[in-house]
Amino acid sequence: MNALATATTATPDTATPDATAAPTAGAATPAPGTATAGTPAPGTATTGTPAPGMATTGGTAPVRASLALRTKLAPTAPVLRAATAALWRPDGLRPRYVRYLAAMHPLVRASVPLLLRAAERCAERPDDPAARLLAAYFLRHAEEERDHDVWLLDDLAAAGAGPAAVPHPVAVELAGAQYYRIEHEHPVALLGYIAVLEGNAPGPRLADHLAGATGLPGRAFRTLREHAALDGGHLDDLYRVLDALAPGPARQTAVAVSALHTANLLTRLFLSLAEDPGGHR
């Protein structure tokens, strides 16, 4: 998450299929094994009381919290893919990629502080049985994401640019909404934010495609390369934690609302960068 993401879902129409980022581990796409046409997913009980960490669908078969979140995010995937395709279209790609780096830098820079604050707020909840597990996850993930903002500065320098003087307003809104949720709702909501950003990571060939299309040096694409390799494992870890937390309905809703809001804002950010030749919209 700090890097939370350089969220970059799809590639241009000219890219090969391998360059298309599968919203890794599928934050926006139901995972394999989802129940179909009345057939329960493997391991899903059909009768009795839902196990911890399970939600009910339509009052019938229980599903794991991670699968419930992915299912709720599924309708956002086509819209986000379309926005990303517009971002990486061939015309004007070189300056647009530089604007993308500049817009992502403040968002990524906010990631470790967000994670650490969420861990602090968990520590203030000694009577919350889920707080210790959640805090441990946030602290571990903060270390995994440390200094990823420096990668973006290095990418910008290699592209002959620097950070934006004024952060993109949608990037500010993305991070700012999470501060509100951490302080005034529950730190668990941050999981929805992380799930979207890391679930829409760069495809493994996106950096090479963009390097060839823009003519920028390969060292201007470190952030994309690193996140293509890292974010799938990070997302798997997040879903394991989400299921282990066994969140009740209210907390599952908090995670889902945070995730859906994040998907909407990320789409807005990509469309703004795709449509605006020089400033913010």
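## Aromatic pairs

Searching the whole structure, a predicted model, turns up six aromatic pairs. Rings of Phe, Tyr and Trp (its six-membered ring) pair if their centres lie within 6.5 Å; planes under 30 degrees apart are stacked, over 60 edge-to-face, and the rest tilted. One of the pairs is W88 with Y97, which is tilted, at 6.1 Å centre to centre and 45° between the planes.

Y97 also pairs with Y100, this time stacked, with 6.2 Å centre to centre and 25° between the planes. Both tyrosines sit in helix α3 (residues 93-109), three residues apart, or about one turn of the helix. Helices here are DSSP runs of H or I, at least four residues long, numbered from the N terminus.

## Cluster and burial

Put together, W88, Y97, Y100, F221 and F270 make one aromatic cluster. W88 has 0% relative accessibility, so it counts as buried (under 20% relative accessible area, 1.4 Å probe, protein chains only). Y97 is buried too, at 0%, and Y100 likewise comes out at 0% and buried.

## A charge over a ring

R70 puts its charged end over the ring of Y239, 4.8 Å from the ring centre. That label needs NZ of Lys or CZ of Arg within 6 Å of the ring centre and within 35 degrees of the ring normal.

## Ground rules

Residues are numbered from 1 along each chain as its sequence is written, and side-chain values use heavy atoms, leaving out hydrogens and water. Local features need pLDDT of at least 70, side-chain atom pairs count only at pLDDT 80 or more, and totals for chains, interfaces and linings use all residues.

Key
Buried means under 20% relative accessible area, exposed over 50%, partly exposed in between (1.4 Å probe, protein chains only). Helices (H or I, at least four residues) and strands (E, at least two) are DSSP runs, numbered from the N terminus.
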